[in-house]
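Trainee: I would like to learn how to read the core, the strands and the ring pairs of a model. Please take me through one.

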Amino acid sequence: KMGRFLAVLLLLAVSSCHASDASDAVLKGNCEAPVSKDLRFGVAPDFEMANHVCCHNRELAEPSGFLNTPRIHLFQRFDPKDARHTFYDSVCGIPLFHAPVGRSMSEWEQESNEHGWPSFRDEEVEHENIVVMPETGEVVSKCGTHLGHMLPDAAGKRYCIDLVCIAGFPAAGKALENEPRAQ
C-alpha cells in the first residue's frame, strides 16, 4: 500500500510541475518515438548515442564537452548577428530552449563550456514543453524525451542539457518566426 501511495504522490507531483498535461510517455520515462535521424549541429552521426541518452536512459548523459568536439563546435555554428537560437526536441520537434536571453552570447557560451553541456537559465526555457521531475531534477520534454537535469546554483535554476536531445528540427507549425537555422 505504501508503494502505491508513493506512486500516486509522485504522479501528482509530476503532473503539477511545469507541464500540467504531462503525457504517459513522460510519466513512464519513454520517448513517443525514436530520435530523428535528421539532427542539427553535426550530431546526426551520433544517432545511436542520441537514441540511448534521450530515449532509453534516465541518469546518464552524452560525454562532457561533446558540444566542443571537432565535428560539433556548437558555438562556432551560430551566426554572431543572430540574437538568439532555439533548440528543438530531437524526437518530436517541439521548441524547448531559446538562448541567450538576459545575457550575452559569450556569457552563455562561457557557462556552457564551463559545465561541459549546453546550459540554460529559467528565462530561456519553454516551460509548457518540459517537466522537471521533483525528486531527481531530471528534465524531460512533454514528448517523453530525456533532456538532462536542472541543477540549481548560486545564480538560480540551471538546466544542464544533452545537445543530442535538443538537436531536432522544428515540427511542422512549431518553428518560431525569423529564427536562424543553424545546421
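The dialogue below goes from the core to the strands, a helix and the aromatic rings.

Mentor: First, the ground rules. This is a predicted model, in which local features need pLDDT of at least 70, side-chain atom pairs count only at pLDDT 80 or more, and totals for chains, interfaces and linings use all residues. Residues are numbered from 1 along each chain as its sequence is written, and side-chain values use heavy atoms, with hydrogens and water left out.

Trainee: Which residues of the largest nonpolar core touch the most other members?

Mentor: In soluble globular proteins, nonpolar side chains tend to be buried together. A nonpolar core here is a set of buried Ala, Val, Leu, Ile, Met, Phe, Trp, Tyr and Cys residues joined through side-chain atoms within 4.5 Å. Buried means under 20% relative accessible area, exposed over 50%, and partly exposed in between, with a 1.4 Å probe and protein chains only. The largest core has 39 residues, and Phe87, Phe97 and Tyr159 touch the most other members. At least two residues each are supplied by helix 3 (47-55), strand 2 (95-99), strand 4 (130-132), strand 6 (146-150) and strand 7 (158-161). Helix 3 gives the largest share, five residues. Helices (H or I, at least four residues) and strands (E, at least two) are DSSP runs, numbered from the N terminus.

Trainee: What does Phe87 touch?

Mentor: Contact means heavy atoms within 4.5 Å. Leaving out residues up to four places away in sequence, the contacts of Phe87 include Phe41, Phe78, Phe97, Trp108 and Phe120.

Trainee: Which residues of helix 3 are buried, and what covers them?

Mentor: Phe47, Ala50, Asn51, Val53, Cys54 and Cys55 are the buried residues of helix 3. Strand 6 is part of what covers them. Phe47 has a further feature: the charged end of Lys37 sits over its ring, 4.5 Å from the centre. That reading requires NZ of Lys or CZ of Arg within 6 Å of the ring centre and within 35 degrees of the ring normal.

Trainee: How many residues of strand 6 are buried, and how does strand 6 pair?

Mentor: Five of its five residues are buried. Two strands pair if DSSP finds at least two bridges between them. Strand 6 is antiparallel to strand 5 (residues 138-141), with three bridges, and three bridges also join strand 6 to strand 7 in the antiparallel sense. Four residues lie between the strands in the hairpin of strand 5 and strand 6, where Gly144 has a positive phi near 95°.

Trainee: Is His146 buried or exposed?

Mentor: His146 is buried, at a relative accessible area of 0%. Among the residues touching His146, not counting those up to four places away in sequence, are Val53, Cys54, Asp162 and Cys165.

Trainee: Where is the bridge partner of Phe87?

Mentor: The partner is Phe97, in strand 2. Strand 1 (residues 85-88) and strand 2 run antiparallel and are joined by four bridges. Their hairpin has six residues between the strands, and Gly93 in the turn takes a positive phi of about 80°. Five of the five residues in strand 2 are buried.

Trainee: Which residues of helix 4 are buried?

Mentor: In helix 4 (residues 105-115), they are Trp108, Glu111 and Ser112. They lie on the same side of the helix because they cover an arc of only 95° around the axis; the arc is that of the directions from the helix axis to the C-beta atoms. The face turned away from the buried side carries the exposed Gln110 and Glu114. The buried residues pack against strand 1, strand 2, strand 3 (119-121) and strand 7.

Trainee: How many aromatic pairs does a search of the whole structure find?

Mentor: A pair of aromatic rings is described by the distance of the centres and the angle of the planes. Rings of Phe, Tyr and Trp (its six-membered ring) pair if their centres lie within 6.5 Å; planes under 30 degrees apart count as stacked, over 60 as edge-to-face and the rest as tilted. The search finds eleven pairs. Phe97 and Phe120 are stacked, because their centres are 4.4 Å apart and their planes are at 20°. Phe97 lies in strand 2 and Phe120 in strand 3, so this pair ties together parts 23 residues apart in sequence. Trp108 and Phe120 form a tilted pair, 5.9 Å centre to centre with 45° between the planes. Ring pairs link Phe41, Phe75, Phe78, Phe87, Phe97, Trp108, Phe120 and Tyr159 into a cluster.
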